[in-house]
Amino acid sequence: MADDHALWELIRTRDASAFDSFYRENALRLQAFLRQLVGSRQAAEDVMQETFAQMWQRPNGFEPNRGTLRGYLYGIGRKRAAEWWRKQRPQNSGSENHADECVAKTEIDSMVADVLRRLPEEQRTLLWLREVEGQSYAELAQILEIPVGTVRSRLFAAREQLRSIWKGSEQGGKEGA
Amino acid sequence: MKCDEAAEFISALCDGERIPREAAEHVGTCGACRARLTEYAEMGAELRRVASLDAADELRPVAWRREKKISSSWWQKGWGTMRIPKIAFASMLVVIVALGSGFAMLKARPLTPGKALVLTINYPQKSLMRCSLSISNFKVSRDDSVPSCGFFTNANPGVVGVFFRILTTDGERFELGVRAKVAPTADSVSEEVENLPDTPYWFEPGEKLEIAFPGLGPVTVTGEVLDHMPSLLTSNSNNAGLDPEEGELRVVSPALLRGKELVFDLEGASATYHADGCVFFYTPGRGRYVLSLSPVEGAVQGEIRQSRIHFEMDRESYVLLTGAPIARNDHIWILHQPDYRPSHESGASVDSDTYPFMGGADLGHILGQAPAKD
């Protein structure tokens, strides 16, 4: 946390070198996360770049005593991804689950990847950030803007949903074989 | 404890959390719950495996520079409310040279809420500038942070910079602080103007204020109060609308796209020019783009579609996006000078090589400048 505070001060004072280090450390992982939200690699890269650009050009909003810089970054990324969807499909602005679009764009031959994309966006976000990124409950609460106490129950719900669909897919695969 | 009750704690176990003793005992003895724990763990491992497969291995390098921010701020403030940052002065030098023949370059985004005082400055050679000052946002002090607006032009020889700001108000009258300086280069103007005291003048909208500036001669200042900071000012006070005049080339807040790639984004910057003039953009590393409504040797022809210009260059498609209609013409010529660098010879400083800028100028003047080679 203390390091976050120092880094944030450097970013706020327009230290390009410090920000570039932060970018290099986090960009690819953020991009992988965003790919789970927007579907395509190109769109994920675009949103990732927008996320860092926003942070660089408008360095405000982060409060070191209320979360980590990484959590703040992923929170911005998630919002930019939602904006990306709104621009893509303005008539479906209320939709939070873009699984169909994502499935069509899948490039990875993996059952779990396919199943993950069928989950609602929040569950996908929770599982990816917890299982792949290893983010803490506090960081997840910061990113999703929910109480820390809610994170555990929602993670459980997400795992159950993933497990249910996964088992259904396995069953379907066996029946179809 | 039943399996359903223990299930959420199994999820928590996967996250490295401690769970209640009763739940831990149940999971230790229940085959179904142990199976669930295994499944959760397998799902997590599979997600990490997929993430490893899908990980991009190349990161596009990005230059995190302040240049865009500074450029944008400068133009916003340059003709709207300006604090005269030294760095901004350095970036405007090419424009200064262009001023010599009827330059018209104005910009004011709605930076501050509330009323604005719009000044119209008529100076010799029948040239005219307009700039706006926030009435509600000025500080009653004389420190350098008081917003200003102003202009540069040729003083022959040298460059003169003239800046206005509001010092106080008295009813409908404004006490303007005016600073003007002639210097060999704009760099030196920027330094010297910063250290100048304000010369106070009382000014009332609707009346004329005559001021004699060194190197420039007599200047007439008129003004009006608007209920907002104008989003766009042009040098022609009769044409403040969206529709460009005959022969006018107007570029507002431009962004250039090559295919889907952003070449530059000069948000907040604007330039207009009439007659045989041009509008140009310079961005470090990209050189200079010159736009003209007349054919230019070496330029490609583009198509104007309201606030966009479409053109092909080196077998690639470009679109210049702007915030307002560009001209009445259907066609425009775009000259790219990739080797162009600002130089003292062209009126620019070495410092300005670091910052993007745009402006309007006489076409002959711009084409007469030999591009600097690396």
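User: What does A:Met55 touch, leaving out residues up to four places away in sequence?
Analyst: A:Met55 touches A:Trp8, A:Ile11, A:Phe19, A:Phe22, A:Leu69, A:Tyr72, A:Leu73 and A:Ile76. Contact means heavy atoms within 4.5 Å. This is a predicted model: local features need pLDDT of at least 70, side-chain atom pairs count only at pLDDT 80 or more, and totals for chains, interfaces and linings use all residues. Residues are numbered from 1 along each chain as its sequence is written, chains are lettered from A in the order in which they are written, and side-chain values use heavy atoms, with hydrogens and water left out.

User: Which residues have the most contacts inside the largest nonpolar core?
Analyst: A:Met55 is among them, with A:Phe22, A:Leu34, A:Val38, A:Phe52 and A:Leu69. That core has 68 residues. The largest share, eleven residues, comes from helix H2 (residues 16-38) of chain A. A nonpolar core is a set of buried Ala, Val, Leu, Ile, Met, Phe, Trp, Tyr and Cys residues joined through side-chain atoms within 4.5 Å. Helices are DSSP runs (H or I, at least four residues), numbered from the N terminus.

User: And A:Thr51, buried or exposed?
Analyst: A:Thr51 is buried, because its relative accessibility is 0%. Buried means under 20% relative accessible area, with a 1.4 Å probe and protein chains only. A:Thr51 lies in helix H3 (residues 41-57) of chain A. Beyond four places in sequence, A:Thr51 touches A:Leu30, A:Leu34, A:Leu73, A:Ile76, A:Gly77 and A:Arg80.

User: New topic. How many residues of helix H8 of chain A are buried?
Analyst: Six of its eight residues are buried, so helix H8 (residues 137-144) is mostly covered. They are A:Tyr137, A:Glu139, A:Leu140, A:Ala141, A:Ile143 and A:Leu144.

User: What follows H8(A)?
Analyst: A:Glu145 does, and its phi is positive, near 55°.

User: Now the two chains. How many residues of chain B are in contact with chain A?
Analyst: 33 residues of chain B are in contact with 41 residues of chain A. The chains bury about 3,500 Å² between them, 59% of it on carbon and sulfur atoms. Buried area is the accessible area (1.4 Å probe) that two parts lose on being put together, summed over both.

User: How many salt bridges are there between chain B and chain A?
Analyst: The count is six. A salt bridge is a side-chain nitrogen of Lys or Arg within 4 Å of a carboxyl oxygen of Asp or Glu. One of the pairs is A:Glu160 with B:Arg36, whose closest N and O atoms are 2.5 Å apart.

Definitions and conventions
Helix = DSSP H or I, 4+ residues; strand = E, 2+ residues; numbered from the N terminus. Buried < 20%, exposed > 50% of the residue type's maximum accessible area, 1.4 Å probe, protein only.
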